[in-house]
Every structure is written in C-alpha cells, then in structure tokens.
Amino acid sequence: MAREIVISVYLLIFRMLFNVAKLFPQKEKTTFITSFGDNTFHVTKELLESYHGQVIILKTANCKTDFTAFEDVKIVDFETINFFATIKSIYHLATSKVVFVDNYFGCLSVMNFKENVVCVQLWHAAGAIKKFGLLDPSVANRSEKSKKRFKEVYKRFHYVAVGSEKMAKIFKASFEVTDETILRTGIPRTDFFFDKAAKEAVVAELKATYPVITTKKVILYAPTFRDGQLSSPEIAVDIKKMYEELKDEYVLFLRLHPAVKVNVELGDFDGFVYDVSKHQDINHLLLIADLLISDYSSIPFEYSLLEKPMIFHAYDLEPYSFSRGFWEDYKSNIPGVVTKTTDEVIEAVKANNFNYEKIRNYAKLWNQYSYGNSSKNLIMEIYQPSGDYGKLRDSM
C-alpha cells in the first residue's frame, strides 16, 4: 500500500512537470529512455549518420552501455534523486518528436504526448521464453490501480520493433497492441553479428584481454537473474566439480547480473574461472564462447545466429515455470540439452552431441527479420530521408 502511494505521488509530480514542459516549443529531437543500452547504441549510431536533429539519451543507473563515443549526443541521468537531471529529462521528453524506450517505464503512463509524437518500444529481448507484460502471472496479484497503470504505459507504444512473427504475436498478447503497431524491422543489436569487421576487432580485443582463450575453449555461463539473489547470490553449478573434470580443455566465463557479487573464490581454480559480469556487451562475449550455458534468459535467441551449441541448465524448471509462466513447452522448444545437475552439465559438455539443425531453425524462427540491416530499417520506417518525421500517429 505504501509503495503504491509513493508511486502515485511520483507520477502526479511527473505529470504536472511534463505538462508544463509541453508548453515549450517542440524541436527536431529524438530522445531515448534506456536501461539496457544495446539497441539504443545501434539505433543511435545509425541515426547520427542519417538524421539532422538532436539526439538525447536518458540513461538509467542500470544501463552499462558507454555512449560517450557519440560526440553529438547529450546524455542525461534518468530516474535519479538528482532534481535537475529529472527536470532535464522531462523537458527533453516533452519537446521531442520521437521517443524510444527499451523497457517498461511507469512514467510513460502519465505522458500525454503532443499529437505528432511517436513512441517506439525497442524491447530488450529478441524473443521470449517466460511471460511478461499483462500475461506475467504476478500481474494477477497486483492492485487494480497497478493494472490500469500497466495498460496506460502500453497504450503509449505507437510502434514495437520485432525480429520475427513469433515475437510479434507475443507482443500483441503481452501489451494488447494491434498488428498495425508492429514494425517488422528486425532487432537493432543483432546487426553486430553481421558486421565482419566489428566482430574481428572485438575478438582481437578479447584475446588480448584473456589470452587463455587462444588455447582453451570457452564455456559461457549466463543464467537468468532471480529475484532476491543480489544479497545472497546462487551459482547453480558446482564449479569445483567442473574444474576437476573440464580444466584441461575448457575455461568457464561467469556472466551474472552486474549487481551480483560472485560468492566464489575464483583464485581457487587455477585460471579456470573468469568473472566477466562487468563486461558491458554480452554480444561480444558470445563471439568467443564455444558453448553457452543458460536457462530462461533471452541470450540464446541471439547466440543461435552463431550456430554454436547450448546447454539449458534448468535446475528449478518446475517452480520457475509455475511462478513466471512459459509461452510454450520448455523442453521441446529450446535448441539444446536440458540439465538439472552439474554432473549432467559435464556429461553434455563431454558428449558434445548437439543438434545443430535445431539451432539453425531456432535462429531462423526468432530472427526472421534480423539480417544485418535492422537499425537502418527502423530509421527508414520512422523518419523520412530528409530527417523529417515520417510515421504519422493515427490515434491513441
């Protein structure tokens, strides 16, 4: 109850400030609200090459992407206790012609944009295993006021970029949007996997940082973040056992939530384990990974483009499925071996018996429209070649 009151007060103040800021003249300006950053980075890069307007990036504290290489972009902290940063953010949102977001932001529910503004959702996942949005099982336990707020946020999405028809169907159900809302442009951050020069540069850089990968294969362990594990994180594999069985041929790279403190003394395993959780771009790590261990995250959707093997360590499959909900049967749809114990993980690694045809089909299914031109496709959909506003808003 107290939390709902705080949210309501915050949104009331936000609404009033936004309405005041709308009195200022609208500008040739695009503003991003970003908490993940990868899609924002690629769209911004393309935007700066073809658009003459101002670009603003409102960056949350969770966003690890470095945008400082873009000299002509203004970066402002978002959702902070810094009052002046908040005022700046609201001003930019209220005076822009295009707004991109890459997550759920409650403040959208009180943003009554000017009639010609377009708001585009650049969702941070190329596909979905677990349910989200209005179909997230936890929504049933939320207050009616919260549910109404969720729907108000989703109403602000004039367009949602997708990489496949499968994801388009999921978005329509999750956000209650129509097919006219769907932009079949592909997912911007997947452009990286089609850029040979960029990939070669990244691999060279990572080899210099981690020379061990030139002599040993890399197992990348990147599990989904689970609620309540920031203070008591859990690594669901027995690293000691993996070290004893795999150290001669492999190294283990741990990619946990950046805020999670690894509860393992990495020095105990003689150069076998490396904590890469702070590395800002997961796509870079996917390039050097010979094998991915994941569970319910969205990483496999992009990793499948590289046609490399995957293990799905779903040790808590039944309770997780019950609490979060899956779109379809988990075991029959993921493109890899399902394990529940460390022994099964080790056995799968050693057996090296992976279905590459299933991986390729998975990549085609979820990356149907992502083939290296997604950022450009999106910009062409939203803007005219002159840089003017292209997509016309029909109605809310």
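# A first look at this predicted model

Phe150 counts as buried, since its relative accessibility is 9%. Phe150 belongs to an aromatic cluster together with residues including Tyr104, Tyr154 and Trp327.

- Averaged over the protein, the pLDDT is 91, and 92% of the residues reach 70 or more.
- Residues 392-396 are a stretch to treat with care, as their pLDDT is below 50. Beyond near neighbours in sequence, this stretch has nine contacts in the model.
- Where pLDDT is low, predicted coordinates should not be read in detail.

- Strands β1 (residues 29-34) and β2 (residues 54-59) run parallel and are joined by six bridges.
- Within that pairing, Thr30 has Val55 of β2 as its bridge partner, while Thr31 stands opposite Ile56 in β2.
- Strand β2 is largely enclosed by the rest of the structure, because five of its six residues are buried.

- Searching the whole structure turns up 36 aromatic pairs.
- One of them is Phe32 with Phe100: the ring centres are 4.8 Å apart and the planes meet at 15°, so this pair is stacked.
- Phe32 sits in strand β1 and Phe100 in strand β4, so the pair ties together parts 68 residues apart in sequence.
- Phe32 is buried, at 0% relative accessibility, and Phe100 is buried with a relative accessible area of 0% too.

**An edge-to-face pair and its cluster**

- Tyr104 and Phe150 have ring centres 5.6 Å apart and planes at 80°, which means that the pair is edge-to-face.
- This pair also links distant parts of the chain, 46 residues apart: Tyr104 is in the loop between β4 and β5 (118-121), and Phe150 is in helix α4 (residues 144-155).
- Phe150 is buried at 9% relative accessibility, whereas Tyr104 is partly exposed, with a relative accessible area of 26%.
- The aromatic cluster holding both residues is formed by Tyr104, Trp123, Phe132, Phe150, Tyr154, Phe157, Phe171, Phe175 and Trp327.

- Ser174 is a residue of helix α5 (residues 165-175).
- With a relative accessible area of 0%, Ser174 is buried.
- Setting aside neighbours within four places in sequence, Ser174 is in contact with Phe132, Gly133, Leu134, Tyr154 and Trp327. Phe132, Tyr154 and Trp327 are among the members of the aromatic cluster.

**Charges over rings**

- Trp327 has the charged end of Lys131 sitting over its ring, 5.8 Å from the ring centre.
- Tyr243 has the charged end of Lys247 over its ring, 5.4 Å from the centre.

Key. Residues numbered from 1 in each chain as written. Predicted model: local features only at pLDDT ≥ 70, side-chain atom pairs only at ≥ 80, totals over all residues. Heavy atoms only, no water. Pairing = 2+ DSSP bridges. Helix = DSSP H or I, 4+ residues; strand = E, 2+ residues; numbered from the N terminus. Buried < 20%, exposed > 50% of the residue type's maximum accessible area, 1.4 Å probe, protein only. Contact = heavy atoms within 4.5 Å. pLDDT = per-residue confidence, 0-100. Phe/Tyr/Trp six-rings, centres within 6.5 Å; stacked < 30°, edge-to-face > 60°. Lys NZ or Arg CZ within 6 Å of the ring centre and 35° of its normal.
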